Amino acid sequence: MAPTDIANPDYFHKVVDCQWACPAHTPVPEYIRLIAAGRYSDAYMINWQSNVFPGVLGRTCDRPCEPACRRGRVEKEPVAICRLKRVAADSKDDIRDRLPKPAAQKNGKRIALIGAGPASLTVARDLLPLGYTCVIYDADPFAGGMMRTQIPRFRLPGHVLDEECGYILGLEPETRFGQKVESLKAMLAENYDAVFVGCGAPRGRDLDIPGRKEAVEHIHIGIDWLASVSFGHTTKIGKRVVVLGGGNTAMDCCRTSRRLGGEKVDVVVRSGFAEMKASPWEKDDAMREDIPIHNFLVPLEFTHDNGKLTGVTFEKVKAEYDAKGRRKLIPAGEPPVHMECDDVLVAVGQENAFPWIERDIGLEFDEWDMPKVDPATMRSTHPKVFFGGDAAFGPKNIIWAVAHGHEAALSIDLLCTGQEVTQRPSPLVNVLSQKMGIHEWSYDNDVSLDLRFKVPHAPKELTLKDVNMEVELGFNQELAFKEAQRCLNCDIETVFERNLCIECDACVDICPMDCITFTPNALEGDLRGLLTAPAKNLTQSLYVSSELKTGNIMVKDEDVCLHCGLCAERCPTGAWDMKKFYLETAKAHTCSR
Amino acid sequence: MTYIAKPKLHHPGLPTNKLGFTRRDYEGRISTLCAGCGHDSISAALVQACFELDIAPHRVAKLSGIGCSSKTPDYFLGQSHGFNSVHGRMPSVLTGASMANRDLIYLGVSGDGDSASIGFGQFAHCMRRGVNMVYICENNGVYGLTKGQFSATADKGSKAKGGAVNSDSAIDLASLALLMGASFVARSFSGDKKQLVPLIKAAIAHKGSAVLDVISPCVTFNNHAGSTKSFDFVRDHNEAVNKLDFVPPEKEITVDYEPGTTEVVRQHDGSFLKLAKLHSDYDPSDRVAALTYLQERAAAGEVVTGLLYIDATAPDLHEHLGTVDAPLNRMNEKELCPGADMLETINAEYR
Ligand SMILES: Cc1cc2nc3c(=O)[nH]c(=O)nc-3n(C[C@H](O)[C@H](O)[C@H](O)COP(=O)(O)OP(=O)(O)OC[C@H]3O[C@@H](n4cnc5c(N)ncnc54)[C@H](O)[C@@H]3O)c2cc1C
Ligand SMILES: Cc1ncc(C[n+]2csc(CCOP(=O)(O)OP(=O)(O)O)c2C)c(N)n1
Ligand code: SF4
Ligand code: SF4
Ligand code: SF4
Ligand SMILES: [Mg+2]
């Protein structure tokens, strides 16, 4: 294998599993250490810089970082990264004086942002301090998008959302709330320097089966119904509710139903329980509220009594796998099942819809009627029109919307400063030794053996009575400290200096995880098998040195390194050092201008 | 040394042995030796060997004298018996223990100062007697613990860190062990676990005095240019006479080697030692030839390593003395103290 090029920022970035997996590349371990140190405001600002909505995301993030977290490979469960973020938001001081101020001078460029969801708000936040005039349009009378209209208040209290949307509105964008954009052509005619489309994926899929039209009064499209609850238009539902679908929307529908009068609420999914789209913790939360989830049932018909819904009939199916391992649902050959109910919530998917975008303005759509968008620049085939969030590649989540927003803002800044949009600036990277003394490090290298702590909940008797009462109480500071200590500090990288190594084996002997091997070189495939502990996790890199004095090379499998620093402590020559790798992705303000 | 304890977490794929232990279960407390000390590598090799041999830790007794090397029993086999004795007196304490309980595996851990200076006599006598033990001398050519004075194994002409040149003749512990009648003599290097681990396994399986002279660089006081016990010097001058493959008793031995290139020795416990010859004329069963060879190569400036000598059938001290088969702690009072009449009978024999 060729020696590892550690000068390439991607190498060490990839070792920080959580940061690498985070669409916005939040420097997770850095903020976790700050939480452990009680520096909540500093932890918050690091988050705010990267993900714009720490308080919101600390409660609602899809947390792609957690399945990636190294801790989950070393013991049972990853660090509760997401809920630690919430602690930073809850415990911080007033940070308003740390936020950028509205630009003192405008730069004369005008940007239209369509939709006031997280994607557009991120673009606005990145561009406003640079002097751009941002005009935000939304059909709704407020900012927040689906964070406000869809995510129930018992998961995300209104004041948290108000606060974080407020930080952006405080940068003084022009808002056209309550104004639906009906034509992109017309918008482009208004002489904007760029247009950002962040209109989300607003359409809920329907279920066209017998009885749908007749029983229409008690069959609701999930996201429309949730929005109506959020607006306060809907305050009640029948005692018996069937929720169709297995995604996160279904979980919000069933839990909201339980709070609006639903006594017997059932979730029914076509697939198996394990394949449901909903996150495991959302399923847990639903089941904890006495909501059973029935699987392998395909809806056949809505039954009704002269237009009054009486229930849903399902066909029982089973999963069958073909030679290629693809799953097919085939009838189980059992009699249909009928479930009686008063209301049905259909939560079987969400779709994009762009009726207001003309197809003759040089903005191309693909075979699925989605705009053609370059995932690196977020630019459409129209040079001035950018997309982000759910509008770009279909429904995702808030953190992806934020990540898209950053990239789009960067592109817009490049465009407006006459630079090439495809020439992305490099990230800000800092690599610094953490050595303080012979055995002293600037971080706590003693690895905690604690298992993941559970976030305390408010009593169910109370939360089920109030649709606006937050269920999760969040970690208190003591629990937060303990949970933070579980983080392995993966950003404190093991850095090897070949010229100093005397091949004494001290690092090999001390390493608790058998990460390090000195061996003759070989091709990567063979090398992985030659190590003290075979490196079977192919998604994790091998760190390889050039040839040492004996002709061997040093190979470190990054997979399960605890970043305990023992290798560096045991090295008599300082050939190993623990260096903090800090990476901040390039944003609009990093561009040259 | 290190301040934090080695984390209990281990690699998810860490194998277990027949007893269900992982290698980590054979570790001891966190070492307090200098970072990079060769002795820590020897501890790691001992851990690996005992893990691979499926040894129940409570069947092992570790005994040592005084020195950095003699401190190491604290850093491996944390579940085994241990006795940190007086400077140079490990052999006699170990001999006593072995006499009382012949069922344990005895690991005698010593240094070159502990063995070749203050304990020189003890070393010689336990070899002569054939005490059933593994005698490991962690040989760095200095008194590490007392800040690096030359020890008796330092080569004549080698340089101390401060520049002083050693004018005394060196004691070669391997030659001495051969001379004193040890039935298993090997030399190795702390920086070469591929060689060291099988040698330790073979030594543990050997009945009688098995001596391992392991060159183990003292990174703090004896790893500079001019030292003959440094990593660089040993790597440059290491001449292995053979390559050992240890085959435990229960394993079938496969005969897949060219005749004349490999020698197979069957040990007392049924284990086999497969020795690939690296020097075609070297015969590890010839004590006199081995002695000559060591002298010759040492004069040529080489550090000869490998299994230097083995007599797999030699009787040990218990056989010499005709002691009872059972360890004393498993005999009852009546057996151990047969009474006044028996004493009278024995005394009468000497009248
Ligand atoms: C029930 C439900 C629960 C969810 N829970 C979570 C969760 O817990 N965590 C998570 O990360 N994600 C969650 N999501 C997904 C998340 O809400 C979205 O991925 C995210 O809000 C997308 O952001 P966006 O900026 O692309 O658009 P959106 O948030 O969808 O905002 C788009 C905005 O554009 C406006 N708009 C649309 N068309 C026009 C137009 N023509 N003119 C003017 N305005 C227009 C809309 O009114 C809306 O306000 C959930 C989604 C649903 C449906
Ligand atoms: C009776 C006695 N004499 C002298 C000493 C001082 N002393 C302690 S360790 C040591 C030498 C140890 O050398 P070695 O056995 O080579 O161990 P190393 O530290 O080199 O591993 C000496 C002389 C002592 N502890 N006890
Ligand atoms: S252990 Fe900490 S730094 Fe490592 S992946 Fe998990 S949260 Fe990130
Ligand atoms: S920091 Fe060093 S000693 Fe600790 S687990 Fe990683 S490689 Fe091993
Ligand atoms: S002084 Fe020498 S022998 Fe002693 S611990 Fe340090 S390096 Fe090892
Ligand atoms: Mg010594």
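Guide: Let's begin in chain B, where α6(B) and α9(B) cross in a left-handed way. Keep in mind as we go that this is a predicted model. To find the pair, look for helix α6 at residues 173–180 of chain B and helix α9 at residues 287–299 of chain B. Their axes come within 10 Å and cross at roughly 160°. Angles over 145 degrees count as roughly antiparallel, so α6(B) is roughly antiparallel to α9(B).

Now hop over to chain A for another pair. Helix α14 (residues 248–259) of chain A and helix α15 (residues 280–288) of chain A also have axes that come within 10 Å, and here the crossing is at roughly 20°. That makes α14(A) and α15(A) roughly parallel to each other, because angles under 35 degrees count that way. The crossing of α14(A) with α15(A) is left-handed.

Around ligand 3 you'll find ten names to click on: D17(A), C18(A), P29(A), C69(A), R70(A), V79(A), I81(A), C487(A), L488(A) and C490(A). Sort that shell by class and you get eight nonpolar residues, two charged ones and no polar ones. Zoom in on C69(A), which sits in the loop between α6 (65–68) and α7 (71–74) of chain A. At 9% relative accessibility, C69(A) is buried, because anything under 20% gets that label. C69(A) and C18(A) are 51 residues apart in sequence, yet their C-alpha atoms are 5.3 Å apart in space.

Two other loops of chain A hold asparagines to check out. N191(A) lies between α12 (184–189) and β4 (194–197), and its phi is near 65°, a positive value in a residue that isn't glycine. N306(A) lies between β10 (297–305) and β11 (308–321), and its phi, near 50°, is positive too. N191(A) is exposed at 64% relative accessibility, and N306(A) is exposed at 79%.

Last stop, back in chain B: the magnesium ion, ligand 6. The residues that coordinate it are D112(B) through OD, N140(B) through OD1 and V142(B) through O, at 2.1 to 2.2 Å. Along the chain, these donors follow the spacing D-x27-N-x1-V. N140(B) is buried at 4% relative accessibility, and V142(B) is buried with a relative accessible area of 4%.

Definitions and conventions
Residues are numbered from 1 along each chain as its sequence is written. Chains are lettered from A and ligands numbered from 1 in the order in which they are written. This is a predicted model: local features need pLDDT of at least 70, side-chain atom pairs count only at pLDDT 80 or more; totals for chains, interfaces and linings use all residues. Side-chain values use heavy atoms; hydrogens and water are left out. A residue is near a molecule or strand if one of its heavy atoms lies within 4 Å of it. Ala, Val, Leu, Ile, Met, Phe, Trp, Tyr, Cys and Pro count as nonpolar, Asp, Glu, Lys and Arg as charged, and the others, Gly among them, as polar. Donors are N, O and S atoms within 2.8 Å of the metal (3.2 Å for Na, K and Ca); water is not among the atoms, so sites may look incomplete. Buried means under 20% relative accessible area, exposed over 50%, partly exposed in between (1.4 Å probe, protein chains only). Axes are lines fitted to C-alpha atoms, for helices over the stretch in contact, and angles run from 0 to 180 degrees between N-to-C directions. Helices (H or I, at least four residues) and strands (E, at least two) are DSSP runs, numbered from the N terminus. Angles under 35 degrees count as roughly parallel, over 145 as roughly antiparallel, 65 to 115 as roughly perpendicular and the rest as oblique. A crossing is left-handed if the near helix is turned anticlockwise from the far one by less than a right angle, and right-handed if clockwise.
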